Amino acid sequence: RAEAKTVREYSRADAVWQTLTETHKVMVDDRNREWGLFSEMYVLASNSAFVPSENVDIAVGSRLGVRNLAKMNRKFDLADEIREELREEYGVEIYDRSKEWTMEIPAEGTSWEAEGDQPVEDI
C-alpha cells in the first residue's frame, strides 16, 4: 500500500486497503503508519442483551478499532469521545479488561432499530 501511494497509484493503494480491511480484518492508520488486526480488538460479549445486524456490528467494530488506535497513541480524549458516541448512538457498553462490548435494547425510535436487529430472547 505504501509503495503504491509513493508512486501515486492511489486506486491500487485503495484496493490494497480494501483487501486488508475486508478480507484480512486489518485496521490501517495511515496518519500514524500503524496497523492492527481486528481479532486483537473487541468482540461482542455473549451476555449482550441485543445482537446487532451485520451492518451495525461492522460500524461498531470499525469505531472500536479507531478507539483502540487512539488509545495506543495515547489520545485518551478521542478514545473517550468514541466511547460516548457508541453509547449514545448504539447503546454500546465497552469492557476494556475483557476486550468485549455489549449492546442494550434500543430506545424506541432509534435510527438503527428497524435494520433487522432483534433482542437475544426473540431469536
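Which residues of helix 3 are buried? In this predicted model, where local features need pLDDT of at least 70 and side-chain atom pairs count only at pLDDT 80 or more, totals for chains, interfaces and linings use all residues. Residues are numbered from 1 along each chain as its sequence is written, and side-chain values use heavy atoms, with hydrogens and water left out.

The buried residues of helix 3 are Val56, Val60, Leu64, Gly65, Arg67, Asn68, Leu69 and Ala70, where buried means under 20% relative accessible area, exposed over 50% and partly exposed in between (1.4 Å probe, protein chains only). The chain has four helices and seven strands, these being DSSP runs numbered from the N terminus (helices H or I, at least four residues; strands E, at least two). Just after helix 3, Arg74 takes a positive phi of about 60°.

The structure holds eight salt bridges, each defined as a side-chain nitrogen of Lys or Arg within 4 Å of a carboxyl oxygen of Asp or Glu.

Arg67 counts as buried at 2% relative accessibility, whereas Asp96 is partly exposed at 28%. Glu84 and Arg87 both lie in helix 4 (residues 76–90), three residues apart, about one turn of the helix.
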